[in-house]
Protein chains: 2
Amino acid sequence: MQQETTRRTNRERSEETRDRLIQAARRLFVEKSYAETGTPEIVREAGVTRGALYHHFADKQALFAAVAEREARAVAEEIERNTVGSPSATASLIEGGKAYLKAMAEPGRTRLLLLDGPAVLGRSGMDDIDNRHGNRTLREGLQAAIEAGQIRRLPLDALTGLLGAAFDRAALAIDAGADAADYQAGLAGLIEGLAPAS
Amino acid sequence: MQQETTRRTNRERSEETRDRLIQAARRLFVEKSYAETGTPEIVREAGVTRGALYHHFADKQALFAAVAEREARAVAEEIERNTVGSPSATASLIEGGKAYLKAMAEPGRTRLLLLDGPAVLGRSGMDDIDNRHGNRTLREGLQAAIEAGQIRRLPLDALTGLLGAAFDRAALAIDAGADAADYQAGLAGLIEGLAPAS
DNA sequence: CTATAAACATACAGACTGCATGTATCATCG
DNA sequence: CGATGATACATGCAGTCTGTATGTTTATAG
């Protein structure tokens, strides 16, 4: 039989369709925005029909969640790959921050994860994604630094949130054309300032 | 003439209609969200028609911008009212931060200004509003603290953005039910840590 | 090879946005 | 004060979108 090329297992069919939808949606959500991208346009770009979309995803929002989830995972992996163990805990934090900013420089990530994400999924929804992937690293880094006595003993969750927000803001500003060095300096200043009072 | 009650100048008519629209929109944008609120519902709540809405505002987004602008102004005024001159510049920053968090505790403000705002108007659009109202105070406070030698000399705009983001994050977390004291402590730690290295 | 389930396609109902056109109310000027 | 123009608003319509219900094809189990 020559149509073996089209003969695929169900798993493969689903996998590919989901993948095409997520990739097409990512392209359009980044180029325009979540709100200004319609599902007809997404499925056209993906080469499937809206039936397929609504078979695999509960609604447009669920498709966005899949896009965001994949993106957050990619960021986390990229950081883990580009980061090596550092001597001091604070230095490790600063280095991790640099890796985060570099990963977030990939076009579209700030819009997906920092602008549309919180609005579409709510802050709690984005927190769930963050905690599954990226933020965990930051929290563990801070905890290690605190227990190593290199950072003042402050409420861990709050500190994680506050520093994470600062990093997010830096990523946004840099993406908007601000001077990266300025923000790197500001972040380093904030982190170093957390050293125990002398 | 007994219908003098309905005899109003054009200015008054417009003023009241705009006001009713902005207030109704605010209520609904807060209760649900910008995306899930339709213009038919807004005008019903405001007691006018969609014609009036589209006469006064270019589109739904422009109406949201008006709501956000008014809210940002209210926050700025509330802070200015509740804040008194402090001895040290850093203490003044911390006090201003407390006033900000208190103002942002007004229901709906975090959603309007921190979640939907950036997504609907873009970060640059929200920055415009912020710079017209709130953020200016923070920048000036930081500048004063730097020139008074109470805070390390770091890039002013970057530092303003980073600390502002941390405050925003605190407001969101507190609104979501987190312990306010934890975040206050974290913020105080961040600010105090900016003191020049001893 | 048949039956069943999964994957996808198509058709449709309801709702919404923005605009175009119509009407009422106010302002201006001779 | 009366007519003319402008402003404020109302109504109707076209196009589009989302989610669902129903139909069809493809894979899998027995």
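1. In this predicted model, the residue of chain A that comes closest to the rotation axis is Gly193(A), whose C-alpha lies at 1.9 Å.

2. The axis itself relates the two protein chains. Chain A is superposed on chain B by a rotation of 180°, with 0.0 Å of shift along the axis and an RMSD of 0.1 Å. Such a relation is that of a two-fold axis.

3. The next point concerns how the two chains meet. On each side the contact counts 33 residues: 33 of chain A touch 33 of chain B. On the side of chain A, the elements that contribute two or more residues are helix H6 (109-132), helix H8 (156-175) and helix H9 (180-192). H8(A) provides the largest share, with 12 residues. By class, this side of chain A comprises 20 nonpolar, six polar and seven charged residues.

4. In general, two packed helices are described by the angle between their axes and the distance between the axes. For H8(A) and helix H7 (residues 134-147) of chain A, the axes come within 10 Å and cross at roughly 125°. This angle makes H7(A) oblique to H8(A), and the crossing is right-handed.

5. The residues at that crossing can be listed. From H7(A) come Asn135(A), Leu138(A), Arg139(A), Leu142(A) and Gln143(A); they meet Leu156(A), Leu159(A), Thr160(A), Leu163(A) and Gly164(A) of H8(A). Five residues of this contact are nonpolar, four are polar and one is charged.

6. DNA strand D is surrounded by 25 residues, and the closest are Thr9(A), Gly38(A) and Thr39(A) together with Thr49(B) and Gly51(B).

7. H3(B) gives the most, with five residues.

8. The surface near DNA strand D contains 12 polar, nine charged and four nonpolar residues. The side of chain A that touches chain B, by comparison, has 20 nonpolar residues, six polar and seven charged.

Key:
Residues numbered from 1 in each chain as written. Chains lettered and ligands numbered in written order. Predicted model: local features only at pLDDT ≥ 70, side-chain atom pairs only at ≥ 80, totals over all residues. Near = placed C-beta within 6 Å. Helix = DSSP H or I, 4+ residues; strand = E, 2+ residues; numbered from the N terminus. Nonpolar A, V, L, I, M, F, W, Y, C, P; charged D, E, K, R; others polar. Least-squares fit on C-alpha atoms with pLDDT ≥ 70 in both. Contact = placed C-beta atoms within 7 Å. Axes fitted to C-alpha atoms, helices over the stretch in contact; angles between N-to-C directions. Parallel < 35°, antiparallel > 145°, perpendicular 65-115°, else oblique. Left-handed = near helix turned anticlockwise from the far one by under 90°.
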